[in-house]
Amino acid sequence: MIATIAAHQFRSLRRRRVLSAFGAIMIAVTVLAGVIGWSSHRTIARVYNEAVVLLGADGGAAPPNPFELKPTLSLLSNMAIYVPLIGALLALIVGNLSIADDQSSGIGRLIFSRQVSRSSYFLGKLLGTTAVVAVVLAASLFVSIVALLVANETAPDVGDLSRLVLFYAVSWLYLMVFVLIGMVTVLCTERRSLALLSAIGVWLVITFAVPQFTSGLRPTASLNPVTDPVSTTQTFFRITSHARPFSVSEQYKHASAQILDTASGSAANALVRILPIAGLAVSLALAAFWLVGRHDYSRSTSSG
Amino acid sequence: MASAAARVATLARHEYRAAVRSRVLLALLVIVVITTTASVYVAAVDYASQLADYRAYVAAANANGIQQVAPSPLQLLSLLRGAMEYLEIIGAIIGITLGYLSIARERSSGTLPLLASRPVSSTELAAGSALGALALITTLVAVTAAVAVLSLGIIGNDWVSGEQALKLGLAYVASIVYLGTFYCLGAILTARSRVAANGLMLALGIWLVVVLVLPQIGDTLDPDNQVPGGLFSALTLDKPQEDLVLSHFSTYETIRTNIETASLAKHYERFAFAMTDVKEKYRGLTLGQLLHVKRSDIEWMLLYAFALGVALVRSFRRQLVNPRGADS
């Protein structure tokens with residue numbers, strides 16, 4: 001029964017073109033990340049060459065090339081911004097639709113007139129949405145490999161491929177948090193639009209507000225993969241920085257940077273950083289499971 | 001029979017009251033006020049500490065007979081950078097939400113067919129709704145501004161002067177125009193969608209591109225943003241040398257600037273940052289000079305607001321000609 005519900009959920013999102021829209025947008029941003037990475041890398045190399053000539057003419061010594069030690073995967077560093085920015089919003093919509101559609105179409109009322117348990121229903125929904133996110137990220141992974149192949153003019157080695165796969169696995173976990181937020185907000189509210197806006201409110205808090213409280217990151221600074229370290233010597237930050245391990249968007253960005261080798265720290269260290277993300281995902285899954293069990297599916301279709 | 005102005009005022013009052021009753025809006029307002037207060041608090045604590053250091057330095061210099069000391073490099077209004085960024089990101093969502101709720105509410109309550117049977121023109125309906133939303137946006141921005149100024153005075157231990165208040169006032173007027181433009185976007189797309197939630201999703205998609213993606217592309221393509229602390233600092237280049245190097249990349253810089261210019265959010269940000277002394281290059285200018293330098297950003301903001309305002313009237317006209325009842 002779980003597999004049937006999961007397959008139905010997958011087909012439903014595919015028919016509504018949510019799967020193709022989600023996939024197309026993620027592929028587009030992957031290409032964009034590759035193009036931006038390639039373009040800025042090329043420009044920086046040219047700026048460096050110009051600087052060497054200029055400083056040499058003035059008799060000064062040329063500084064070391066700040067990009068010399070850039071790893072191959074740094075071309076995709078913008079993906080660590082696009083996943084929490086664009087991917088997370090799309091994941092909210094997937095979560096919202098997976099529950100809201102059954103309410104507005106009346107399927108929810110129909111399905112529980114049959115021998116279907118609430119746990120099977122929820123697990124089927126979770127499995128279906130998990131598959132949607134996994135398919136989209138698999139397509140994005142493929143495009144990333146092609147982008148690296150084109151930009152670096154050489155195929156990524158096994159180490160780079162492993163890092164890339166790990167990055168997408170962590171991204172999948174992160175996006176599942178937002179799928180579950182999308183589900184929980186539908187189950188907690190009476191209208192689907194109210195649910196969507198509440199979910200966006202949660203996304204804003206996780207993505208922009210919490211990093212400012214815990215690390216002093218201004219909202220627009222959160223949009224750049226390269227950020228200046230912020231002074232956190234104030235008493236305020238000395239207190240709030242204790243909550244930094246629970247700032248999941250920061251943990252995701254740091255873990256991604258370590259996995260893609262654009263920041264110091266091993267990939268193993270990065271795995272420790274994803275523990276709070278995994279913890280939040282499990283907590284939300286339990287909350288959604290509980291809410292599905294209590295939800296009144298006998299209500300008539302809800303309005304927008 | 002009530003005059004057109006009275007009808008518009010009635011519609012505006014209805015819009016204001018209905019939006020205030022909405023829990024979604026209240027939740028978003030709470031978020032923006034809390035984040036503004038917190039961001040000003042964080043910046044103001046640091047400012048107060050640096051100001052105390054500077055005053056101690058001036059007092060020590062005076063005690064030693066030194067009368068001429070360097071002026072303070074601290075800029076009070078620049079503490080509002082975080083607050084302005086929140087208005088740029090969250091404020092735009094509030095505008096879209098107001099626009100969406102304005103249409104969705106009328107549809108779900110079935111009042112549009114009723115309105116269509118009354119002597120209310122589409123222009124009056126659009127004007128009433130827009131004025132009500134504008135009053136609400138003004139309330140929100142005024143509360144944010146009051147919280148910001150009080151935080152600067154109480155926590156930062158420095159009060160805003162007359163000239164600073166004028167500049168700050170202009171920054172907040174720009175905020176009202178900016179939020180109002182996003183209100184129009186939310187209302188237009190919801191009015192043109194058969195299912196209100198689809199219009200909301202489309203508006204949020206545009207918000208994502210305009211407010212986050214386009215500025216992000218422009219920012220990450222900036223060579224100086226590629227290295228922590230700045231590329232040109234890492235290469236030990238001073239400003240004239242930086243300009244000389246960048247003169248060889250005029251096409252690249254033009255493309256990068258044009259990507260940013262396509263975003264309304266970037267125009268708002270540039271204007272607000274200039275008015276709040278965030279950008280050092282504008283700090284020495286008078287208000288007249290500032291407005292002259294920033295006229296392009298002002299023109300773009302007004303152009304977007306005007307274009308979407310006209311589109312809003314057209315959308316309301318369609319709504320009245322073909323009113324939909326309860327929405328699914």
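**Ground rules.** I'm looking at a predicted model, where local features need pLDDT of at least 70, side-chain atom pairs count only at pLDDT 80 or more, and totals for chains, interfaces and linings use all residues. Residues are numbered from 1 along each chain as its sequence is written, while chains are lettered from A and ligands numbered from 1 in the order in which they are written.

**Chain B overall.** I looked up the secondary structure and found 13 helices and zero strands; helices (H or I, at least four residues) and strands (E, at least two) are DSSP runs, numbered from the N terminus. The C-alpha atoms of chain B fill a box of roughly 80 × 45 × 30 Å along the principal axes. Of the 328 residues in chain B, 45% are buried (20 or more other C-beta atoms within 10 Å of a residue's own, C-beta atoms being placed from the backbone).

**Where chains A and B touch.** I found 45 residues of chain A in contact with 52 residues of chain B (C-beta atoms, placed from the backbone, within 7 Å). On chain A's side, α7(A) gives the largest share, 13 residues. That side divides into 28 nonpolar, 13 polar and four charged residues. Nonpolar means Ala, Val, Leu, Ile, Met, Phe, Trp, Tyr, Cys and Pro; charged means Asp, Glu, Lys and Arg; the others, Gly among them, are polar.

**Gly110(B).** I found Gly110(B) in the loop between α3 (81-109) and α4 (111-116) of chain B. Gly110(B) counts as partly exposed because 13 other C-beta atoms lie within 10 Å, between the buried cut-off and the exposed one (12 or fewer). Its C-alpha atom is separated by 28 Å from that of Trp207(B), 97 residues apart along the chain.

Definitions and conventions
Two residues are in contact if their C-beta atoms, placed from the backbone, lie within 7 Å.
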